[in-house]
Amino acid sequence: MKSSPVYLLFLIGAMACTPSSRPEPTKTLSKQEVPNFLVILTDDQGYADVGCFGAPDLQTPYTDALVASGMRFNQFYANCPVCSPTRAALLSGRYQEYVGVPGVIRTHAQNNWGFMDTTAILLPEILQSSGYHTALVGKWHLGLESPNTPNERGFDFFHGWLGDMMDDYVAKRRHDINYMRRNQEIIDPPGHATDIFTDWAVEYIEQQKNTDQPFFLYLAYNAPHFPVQPKADWLAKVQAREPDLSEKRAKLVAFIEHLDDGIGQVMEALKRTDQLNNTVVVFSSDNGGLLRDEANNGPLRDGKQSVYEGGLKVPTCVSWPNKIKAGSVSETRLLSMDIYPTLLSIAGIDFQHEIEGMDFSPTLMGNSQSTEDRPVFFSRREGGTRYGGKTIQAVRLGDWKLLQNDPFGPRELYNLAQDPLEEHDLIEDKPDKFKELNGLLMKHLQKAGQVPWQRRMD
């Protein structure tokens, strides 16, 4: 195995190499007291690339059934238009920049734009300290070496992919490095990665049926992130059913339908083991779909890597049989980081540290929550010639959104209630609104700038 130089970076001395404070065990919970949690996160699945969210050429019966069984969220946003930052936000309950992940964590130091703050208290750490068994199956993408490996950051069990994308879903390598792990052990399982993660998740669920310990399973698929690599039989089925699709779109549809089948197997495992009714299931994507792969983000502008709506709005639902009303729909505006306090609230677990995530469990129980006065922020730091180490960013307050989608380009102002497709820039017409939102955004970026995102070389 080749060594990965991703962390030969600079971090100010104040940041320790091991977490300085972790939640202490408080009480032991049982399945009779609290539900299990299953969070399913897909990779680059566009807003409309779920059947019930609008794709006319794609069949996702199992995801559709999951959405129908609980609450669908029409205004749910990923924290960032790319992978690592959104995952950092989901697991920390904080804006990704505040925990040291403003951009994508990669293998090579010169192209790496994040280092997870070792003092950040992650969701699995709190659940673990409260008696949950915590597991990650699938993609981690928040660190390749100690101290930021899954087992060091709150997961009792890790069976998956340590890195970012796979160069091939069957060979399962990145830069010729094998990042597949079972806890700390390097493994090399045969087969397509989607099937492997599905099988491992099913195996884990079956193992938990005989314990009284509640579980938190974070199932993070690599699919449908490029390279779009469906299995041959799935592609043949789609091309027979949809002969007018381009080859590129047909491949993505087959890729997602194969993924959907895996989700169906996982949900069936919960049912078969009599754990479905006591499991809260969250489904979401880490960002919008990639347009060059012909992803479907609905009528929204742009896609992955963009702070226009198509890069940020993602298909999302939460299901909990007999607790969350089946077939319910919410227009509450939420972000990935809001999952953190919501699950802790459902479990009755208190915490004292600062987060920006919002508990939306009242919405899940049918009570209204307003987010009109809540400013929310989106940003991404990146290198290369397009970004030059700078950021793209956006702020949303009520119906208004200010964005800069190119670090060297102009800022733009939209009223999304009147212009949901972001076609009519009002920055010249609404100078007071521009000034208000810009002030909020500058404060956010200043606070983010206080947090180091590189590791010390020595």
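1. At what angle do helix α1 (residues 61-68) and α6 pack, and how far apart are their axes? In this predicted model, in which local features need pLDDT of at least 70, side-chain atom pairs count only at pLDDT 80 or more, and totals for chains, interfaces and linings use all residues, the angle is about 55° and the axes are 7 Å apart. Residues are numbered from 1 along each chain as its sequence is written, and side-chain values use heavy atoms, with hydrogens and water left out. Helices (H or I, at least four residues) and strands (E, at least two) are DSSP runs, numbered from the N terminus; axes are lines fitted to C-alpha atoms, for helices over the stretch in contact, and angles run from 0 to 180 degrees between N-to-C directions.

2. The helices α1 and α6 are therefore oblique to each other, given that angles under 35 degrees count as roughly parallel, over 145 as roughly antiparallel, 65 to 115 as roughly perpendicular and the rest as oblique. On the α1 side P61, Y62, T63 and L66 are in contact (heavy atoms within 4.5 Å) with D260, D261, I263, G264 and M267 of α6. Sorted by class, this contact holds five nonpolar, two polar and two charged residues, where Ala, Val, Leu, Ile, Met, Phe, Trp, Tyr, Cys and Pro count as nonpolar, Asp, Glu, Lys and Arg as charged, and the others, Gly among them, as polar.

3. Helix α4 (residues 193-208) also packs with α6, at an angle of about 10° and with the axes 9 Å apart, which makes α4 roughly parallel to α6. The residues of α4 that meet α6 are T194, D195, T198, D199, A201, V202, I205 and E206, and their counterparts in α6 are H258, L259, G262, Q265, V266, A269, L270 and R272. This contact has seven nonpolar, five polar and four charged residues.

4. For α6 itself (residues 247-272), the 26 residues should span 38 Å at 1.5 Å a residue, and the end C-alpha atoms are 37 Å apart, which agrees; the expected span is 1.5 Å times one less than the number of residues. After α6 comes D274, with a positive phi near 60°.

5. An open sheet of 10 strands has the order β7-β6-β5-β4-β8-β1-β9-β10-β2-β11, with mixed pairing, two strands being paired if DSSP finds at least two bridges between them. Its edge strands, each pairing on one side only, are β7 (185-186) and β11 (328-330). Helix α4 packs on this sheet, touching β4 (133-139), β5 (157-161), β6 (180-182) and β8 (215-220), and its direction makes about 175° with that of β8. Helix α6 lies across β1 (36-42), β8 and β9, running at about 175° to β1.

6. Strand β10 (residues 316-319) is covered on both faces, with T316 and V318 on one side and C317 and S319 on the other, all buried (under 20% relative accessible area with a 1.4 Å probe, protein chains only; exposed is over 50% and partly exposed in between). Three bridges link β10 in the antiparallel sense to β2 (residues 71-73), where F73 has T316 as its bridge partner. Strand β9 (residues 279-285) is likewise antiparallel to β10 over three bridges, with V281 opposite S319.

7. A further open sheet has four strands in the order β13-β14-β15-β16, paired antiparallel, with β13 (376-381) and β16 (412-415) as edge strands. Strands β14 (residues 391-397) and β15 (residues 400-404) share five bridges, and A394 stands opposite L403. Helix α11 (residues 431-448) lies across β13, β14, β15 and β16 at about 125° to β14.
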